[in-house]
Amino acid sequence: MADTKKITMTIIPADGAGEIEERTITECPALEELQQLVGGYIELVKVRVNGRATEMVCDEDGERKQLTVNNRALDRIEATASYMPTLVGPVVIFSEPVLV
């Protein structure tokens with residue numbers, strides 16, 4: 001029997017909005033769960049964390065909704081000179097790609 005791959009899902013609320021939570025998952029969360037975690041429609045963003053390519057999910061309408069900045073999430077991802085995102089609202093970062 002093969003081992004089930006365990007992935008860490010880190011839920012990072014916007015600055016001042018709560019504690020960071022880590023969950024161990026073995027499969028991609030349902031769309032509805034991700035929407036609930038970020039508070040709206042999800043936007044999938046390919047990012048690098050600790051030198052590894054992975055994925056992040058945020059509220060695609062976060063800026064329009066004027067959500068609070070999320071510097072804690074921004075501090076975890078590796079931006080490039082050509083790409084420095086502004087992150088607002090809750091963010092979910094996976095330890096490795098899980099979304100299809």
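The sulfur of cysteine 58 lies 15 Å from the closest cysteine sulfur, that of cysteine 28, and this is too far for a bond. A disulfide here is a pair of cysteine sulfur atoms within 2.5 Å, and the structure holds zero disulfides. Cysteine 28 is likewise in no disulfide.

This is a predicted model, in which local features need pLDDT of at least 70 and side-chain atom pairs count only at pLDDT 80 or more, while totals for chains, interfaces and linings use all residues. Residues are numbered from 1 along each chain as its sequence is written, and side-chain values use heavy atoms, with hydrogens and water left out.

**Burial of selected residues**

Buried means under 20% relative accessible area, exposed means over 50%, and partly exposed lies in between (1.4 Å probe, protein chains only).

| Residue | Relative accessible area | Class |
|---|---|---|
| Cysteine 28 | 32% | partly exposed |
| Cysteine 58 | 7% | buried |
| Glutamate 55 | 1% | buried |
| Threonine 68 | 46% | partly exposed |

**The sheet**

Helices (H or I, at least four residues) and strands (E, at least two) are DSSP runs, numbered from the N terminus. Two strands pair if DSSP finds at least two bridges between them. Five strands make up an open sheet with antiparallel pairing, in the order 2-1-5-4-3. Strand 2 (21-25) and strand 3 (42-49) are the edge strands, each pairing on one side only. From one strand to the next the twist averages 25°; angles run from 0 to 180 degrees between N-to-C directions, and axes are lines fitted to C-alpha atoms, for helices over the stretch in contact.

Strand 3 pairs with strand 4 (residues 52-59) over eight antiparallel bridges. Within this pair, leucine 44 stands opposite valine 57 in strand 4, and lysine 46 stands opposite glutamate 55. The hairpin of these two strands has two residues between them, and asparagine 50 takes a positive phi near 50° there.

Strand 5 is joined antiparallel to strand 4 by three bridges and to strand 1 by four. Valine 92 in strand 5 stands opposite valine 57 and also opposite isoleucine 11. From strand 5, Val91 and Ile93 point one way and Val92 and Phe94 the other, and all are buried.

Helix 1 (residues 31-38) lies across strand 1 (7-12), strand 2, strand 3, strand 4 and strand 5 (91-94), and runs at about 80° to strand 3.

**Glutamate 55**

Glutamate 55 lies in strand 4. The side chain of glutamate 55 reaches the backbone nitrogen of valine 98 at 2.8 Å. Contact means heavy atoms within 4.5 Å. Apart from neighbours within four places in sequence, glutamate 55 is in contact with residues including Leu44, Lys46, Val92, Phe94, Pro97 and Val98.

**Threonine 68**

Threonine 68 sits in the loop between strand 4 and helix 2 (71-76). Not counting residues up to four places away in sequence, threonine 68 touches Ala14, Asp15, Leu87, Val88 and Gly89. From C-alpha to C-alpha, threonine 68 and threonine 4 are 36 Å apart in space, and they are 64 residues apart in sequence.

Technical notes: Polar contact = N/O pair within 3.5 Å; in protein donor to acceptor, adjacent residues only side chain to side chain.
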